[in-house]
Amino acid sequence: MQHVLIINLKRLGDVYTTANLVSALKSQSPNTEVTMLVFDECAGAARNIANIDHILTINRKEIITLKVNKIFSDGMAVENLFEALKPLKSSQWDRIVNFSNDKISAYIASYLNTNSNGKKIGVNFSADKSISYNSEWDIVYNELVATTENTPFSFVDTLLKMNGVDEEKTKSKLIMSRKHTENAERNIAHLKKKFQTDLNTPARVIGIQIFSSHKAKQIGHETLKGVINKLISDSRYIPLVLIAPIESERVFAQNLNQELGNQLIIAEADLSALASVLTSIDFLLTPDTVTKHIADLCKTPCLEVSLGSAPLFKQGSKNPESFVLTPFAPSRVFSNVENNFLNSETTDQSDVIQVSDILNCIEFFFSGENTNLVPVLSENVTLYRPVSDQAGVRLQAVCGKISGDYESVRLLSRYLIAKSLGTDLNDEIIEYCANTLVKDLPRWMDEQKTFVTNITKDLLSTLRALIQAQESKKKVIEFVTNLDRLLANTDDRSLISPFVKIFRGKVEALSGEGFTDNIRELEGLLYELKSDLQKVLQVLKDVETSWTTKRKDSLKKASTQNAPSIMPRA
Amino acid sequence: MSLSPSFVKNYEIKISKSGHKVPVVNDVHLHSIYDPIKEAETFIQKTVKENDQQNFLVFGLGFGYHIEALRKALIERKKTPHIVIIEPNAKVAYDCIELGLINQDDCYLSINQSADEVYNNKDLTRFLLKKPQVITHSSSFNLYSDYFKTLLGYESPTSLEHMARQIHSPTLKEYINDLSLTNTSFSDAITSLSASRSLNAELDFLMLALNELTLKSDQLTNG
C-alpha cells in the first residue's frame with residue numbers, strides 16, 4: 001500500500017481543488033492511502049472530498065494566538081505545532097505532496113520524512129537549505145505558474161503532471177449525502193413546477209453566488225441587481241440566490257432582497273449540502289469563490305465573473321461547458337506576479353462587466369452548441385472557455401476584446417513547455433495563433449525574434465564568462481554579472497521568458513559539492529537553455545509557415561473566384 | 001507574584017441580614033451584608049451578555065455567590081458552564097469550599113498562583129484560547145488590586161531557557177535547550193537559522209514553519 005500525504009494549507013477553494021489530485025492518485029493506484037493536512041477551518045471542506053482516508057489539522061488560530069500574545073510562552077506555540085504534526089512525523093511516507101506551495105508547507109514537507117524510495121513533490125528544502133525538486137514540473141509550478149499572471153498552465157494541471165497522474169474524469173470527486181441530494185432535487189423540482197409558465201420550455205434554475213469574502217472579487221452590486229431583475233422577469237429562468245449559513249451573508253441577501261422588492265428565492269446551504277444543491281441546478285453564476293470550485297467538481301456549468309486579484313489562468317475551470325467572463329486580461333493586476341504585462345495600477349473593475357454581458361453569456365450557454373453566434377460583449381470584456389488538450393485544460397478566448405499577442409504568448413508557451421517535458425500538444429495551437437489570434441504577425445514575429453536575439457547575446461556572454469571563470473577565479477564576478485543579466489530576461493511578452501524562469505529555478509536548486517561541480521552543472525543548464533531558444537525559434541518558424549500558407553491559400557481562392565467565367569460556345 | 005501572607009491583616013466571616021455567610025478581609029466586605037444572593041443575581045444579569053458564550057474567567061471568588069448565580073443563569077439558558085476562577089486569598093477560597101458554597105463540577109479554581117504559574121498551566125491556556133468572557137468581582141479585584149494588575153500586565157519571559165521549561169515533550173525540550181546555548185530567544189534563533197548555510201536538526205524546519213505561520217497570520221481568510 002502506498003502512503004501519500006498531501007499538505008494543503010490554503011483557503012477553502014484551494015482545498016477543494018485537491019479533489020482532482022486525490023481522485024487521480026486513487027484511479028492510478030487504488031491501493032493508495034491518502035492523508036491530507038489542512039488548517040482547522042478547512043477540515044469541513046476536506047471531509048467533503050472523496051477518497052481521502054485521513055485528515056489531520058493544524059489549529060492555525062490557536063498557534064498564532066499562542067505565539068503572538070505576550071502572556072504565553074513561545075514554547076506553547078512550538079509544542080502545539082509539534083504535537084499537531086507528531087502523527088505525520090512518525091510515518092515514513094511514500095509520497096509527500098506540497099500542494100499549497102508556500103513556505104509553511106515547504107518547511108513542513110522538509111521536516112517530515114519519506115521512506116528510502118519515497119519522494120517529495122513540490123518545493124522542499126534539503127539540510128543545506130537548497131531547494132529540492134522532484135521533477136521539472138515542480139520547477140514549472142514554483143517558478144512559472146506561481147509567479148506569472150499569464151501562466152500557460154493551471155495549478156491543478158501542473159500538480160497532476162508533478163505527480164505523474166492523469167485527471168480522473170468519470171468518478172465523483174466529492175462526497176454528497178443522499179439526504180441532502182434528495183432534498184435539493186425535491187426543492188429544485190418544486191421550484192420548476194411552481195414557476196414554469198411554458199410547458200414546452202423547461203424553466204432553468206440559475207444559482208447565483210452573490211457573496212465573495214473579497215470585496216474586489218464581488219460582482220458589482222448594481223450589475224448583480226440588474227442581472228437578477230432581468231432573470232426574474234424572464235420566464236425561461238428561475239434565479240436562485242445561494243448563501244452560506246453565516247449571519248453576514250444572510251444580512252447581505254436580506255438587503256438585496258429588499259432592494260429587489262422581496263422577489264428573491266434564497267437557498268442557504270453549508271459546505272456539506274452545497275454540492276447537492278449545485279448538482280440539482282442548471283447553471284451557476286458566480287465570482288471566484290469556493291462555490292465555483294465545488295461547481296467545477298460537480299460538473300455544474302457555470303459562468304465565473306473573474307474580478308479583482310482572482311487568478312484567472314491559474315485556477316480556471318476544468319468543465320468544458322463553463323465560461324469565464326473577465327475585464328480585458330492584460331489590464332488586470334493579479335496578485336503575486338513578477339512582471340505585470342501592462343504595468344497597470346490596481347483599479348476596481350467591477351463596473352466593467354455589464355448586465356448585458358452576463359445575460360448574453362447565459363443566453364449563449366443555453367442556446368446550445370449548434371449556434372455559430374457568440375455573445376455580444378461590452379468594450380474591454382473577454383469571454384473564455386476551457387478547452388481540453390493533452391496537458392490538461394487551457395482557457396481559450398471565445399469573444400470580446402482579445403489581445404492576440406497576450407493570448408499567443410500564453411498558448412505557445414504552453415505548447416513549447418509541454419512538448420519539452422514530454423507532452424505533445426496538437427499543432428492546432430500553432431495554427432490558431434498564426435491565423436486567428438495575432439493580427440499583425442510580421443510585427444509580432446519581429447518582436448519575438450528581438451527577444452530571442454537579446455537573450456541569445458546574454459546567454460553567449462554568460463557562457464563565455466563561465467569558461468573564463470573556470471580558468472581564473474578572478475573572472476567569477478564578471479560571470480555572475482552576466483548571469484544576473486541573463487536571468488533578468490523575464491518579460492512576460494516574450495515566448496522565451498518561461499524558459500528563463502525555469503532555468504532560474506534549476507540554477508537555484510544547484511546542489512553540487514563545490515564551486516567546480518556547480519559550474520559544471522550550470523554549464524549544462526546553459527546549453528539546455530540554448531536548446532530551448534532553438535525550440536522557440538522553430539515554433540516561430542512554424543507559426544510563420546502556417547500564416548504564410550493560409551495567406552497563399554486565401555489569395556488563391558480569391559483569384560479563382562474573380563476569374564472570368566467561361567462563356568458557353570455559341 | 002502570589003498574594004503575600006502578610007497582606008491579610010484581619011479576616012472574619014459575618015452573617016448577612018438574609019442569613020448568608022460573608023467574608024470580610026481587611027475590613028472589606030466581599031459581598032453584600034444585606035443579601036449577597038440578590039446582589040450576585042443582579043450583578044450577573046447586568047454583566048453576562050446574551051450570546052452563545054459558555055466560557056467565563058472570573059477574577060475573585062469571595063464566597064462564590066456570583067459564581068453560583070452565573071452557573072444558574074447559564075443553565076437556564078441551556079448552556080453548559082465552564083468557569084475558571086482566579087482567587088489570590090487561599091484562606092477565603094478553602095473556607096468557601098469547606099462551607100460547600102461552590103459547586104466545583106464545572107469550575108476550575110486557581111488559588112493564589114503567580115502569574116507565571118497561571119499562564120503556563122496548559123489546561124488554563126487551552127481555556128484562555130477559547131476567549132472566555134471576563135467577569136471581575138469588583139470587591140475582590142479592588143482589594144487584591146496589585147495581584148490582579150500583575151496578572152493582567154504579565155508578559156511571558158522570552159528566553160529559550162524559559163521556553164524549554166514550559167515544554168513537556170522531552171525531544172522538543174532537549175532541542176530548545178540546545179538552541180539556548182547559542183541563542184537567547186525565539187526570534188534570535190530564527191535569525192540564526194535563516195542566516196545559517198545549513199540546518200543541523202529536523203526541528204529547525206519546524207521552527208521556521210512556525211515563524212512563517214506567524215508572519216502570515218493576517219493573510220489567510222476563507223474564500
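The questions and answers below go through a predicted model, taking its helices, sheets, chain contact and single residues in turn.

Me: How do helix H6 and helix H7 of chain A run relative to each other?
Reply: The axes of H6(A), residues 136-145, and H7(A), residues 155-162, come within 8 Å and cross at roughly 155°. An angle over 145 degrees counts as roughly antiparallel. H6(A) and H7(A) are therefore roughly antiparallel.

Me: Which residues of H7(A) make the contact with H6(A)?
Reply: From H6(A), the contact takes Trp137(A), Asp138(A), Val140(A), Tyr141(A) and Val145(A). The residues of this contact divide into seven nonpolar, one polar and two charged. On the side of H7(A), the residues are Phe155(A), Thr158(A), Leu159(A), Lys161(A) and Met162(A).

Me: Is Trp137(A) buried or exposed?
Reply: Trp137(A) lies in helix H6 of chain A. A residue needs 20 or more other C-beta atoms within 10 Å to be called buried. Trp137(A) has 25 C-beta neighbours inside 10 Å, so Trp137(A) counts as buried.

Me: With which residues is Trp137(A) in contact, leaving aside its neighbours within four places in sequence?
Reply: The C-alpha atoms of Trp137(A) and Gly122(A) are separated by 8.7 Å, and the two residues are 15 residues apart along the chain. The contacts of Trp137(A), with neighbours within four places in sequence left aside, are Thr158(A), Lys161(A), Met162(A) and Leu421(A).

Me: Which helix gives the most to the side of chain A that touches chain B?
Reply: The contact takes 37 residues from chain A and 36 residues from chain B. Four helices of chain A each supply at least two residues of that side: H1 (12-28), H3 (60-68), H4 (74-89) and H5 (103-111). With eight residues, the helix that gives the most is H4(A).

Me: How do the residues of the side of chain A that touches chain B divide into nonpolar, polar and charged?
Reply: Chain A brings 37 residues to the contact. They divide into 17 nonpolar, nine polar and eleven charged.

Me: Which strands stand at the edges of the four-strand sheet of chain B?
Reply: The sheet is open, with parallel pairing and the order S6-S5-S4-S7. Its neighbouring strands are turned by 20° against each other on average, direction ignored. Two strands have a single partner strand each, so one side of each is left without a neighbour in the sheet: S6 (107-111) and S7 (133-136) of chain B.

Me: Which residue in S5(B) stands opposite Phe56(B)?
Reply: Strand S4 of chain B, residues 55-59, is joined to S7(B) by four bridges, and Phe56(B) stands opposite Gln133(B) in S7(B). S4(B) also pairs with S5(B), in the parallel sense over five bridges. In S5(B), the residue opposite Phe56(B) is Ile83(B).

Me: How many of the six residues of strand S5 of chain B are buried?
Reply: S5(B) spans residues 82-87. This strand is largely enclosed by the rest of the structure, because its buried residues number five of the six.

Me: Which residue in S2(B) stands opposite Glu12(B)?
Reply: Chain B also has an open sheet of three strands in the order S1-S2-S3, with antiparallel pairing. Its edge strands are S1 (11-15) and S3 (28-29), each pairing on one side only. S1(B) and S2(B), the latter residues 21-25, pair over five bridges. Opposite Glu12(B) stands Val24(B).

Me: How far apart do the C-alpha centres of domain 1 and domain 2 of chain B lie?
Reply: The domain assignment of chain B gives domain 1 as 5-152 and domain 2 as 160-215. Their C-alpha centres lie apart by 39 Å.

Me: What is the phi of Asn51(A) near?
Reply: Asn51(A) sits in the loop between helix H2 (43-47) and strand S3 (54-58) of chain A. Asn51(A) is buried, with 20 other C-beta atoms within 10 Å. Phi is positive here, in a residue other than glycine, and is near 75°.

Me: Is Asn101(A) buried or exposed?
Reply: Asn101(A) is in the loop between strand S4 (93-98) and H5 of chain A. Phi of Asn101(A) is near 55°, a positive value in a residue other than glycine. With 23 other C-beta atoms within 10 Å, Asn101(A) is buried.

Terms used. Residues are numbered from 1 along each chain as its sequence is written. Chains are lettered from A and ligands numbered from 1 in the order in which they are written. This is a predicted model: local features need pLDDT of at least 70, side-chain atom pairs count only at pLDDT 80 or more; totals for chains, interfaces and linings use all residues. Axes are lines fitted to C-alpha atoms, for helices over the stretch in contact, and angles run from 0 to 180 degrees between N-to-C directions. Angles under 35 degrees count as roughly parallel, over 145 as roughly antiparallel, 65 to 115 as roughly perpendicular and the rest as oblique. Two residues are in contact if their C-beta atoms, placed from the backbone, lie within 7 Å. Ala, Val, Leu, Ile, Met, Phe, Trp, Tyr, Cys and Pro count as nonpolar, Asp, Glu, Lys and Arg as charged, and the others, Gly among them, as polar. Two strands pair if DSSP finds at least two bridges between them. Domain bounds come from an automatic or database domain assignment. A residue is buried if 20 or more other C-beta atoms lie within 10 Å of its own, exposed if 12 or fewer, and partly exposed in between; C-beta atoms are placed from the backbone.
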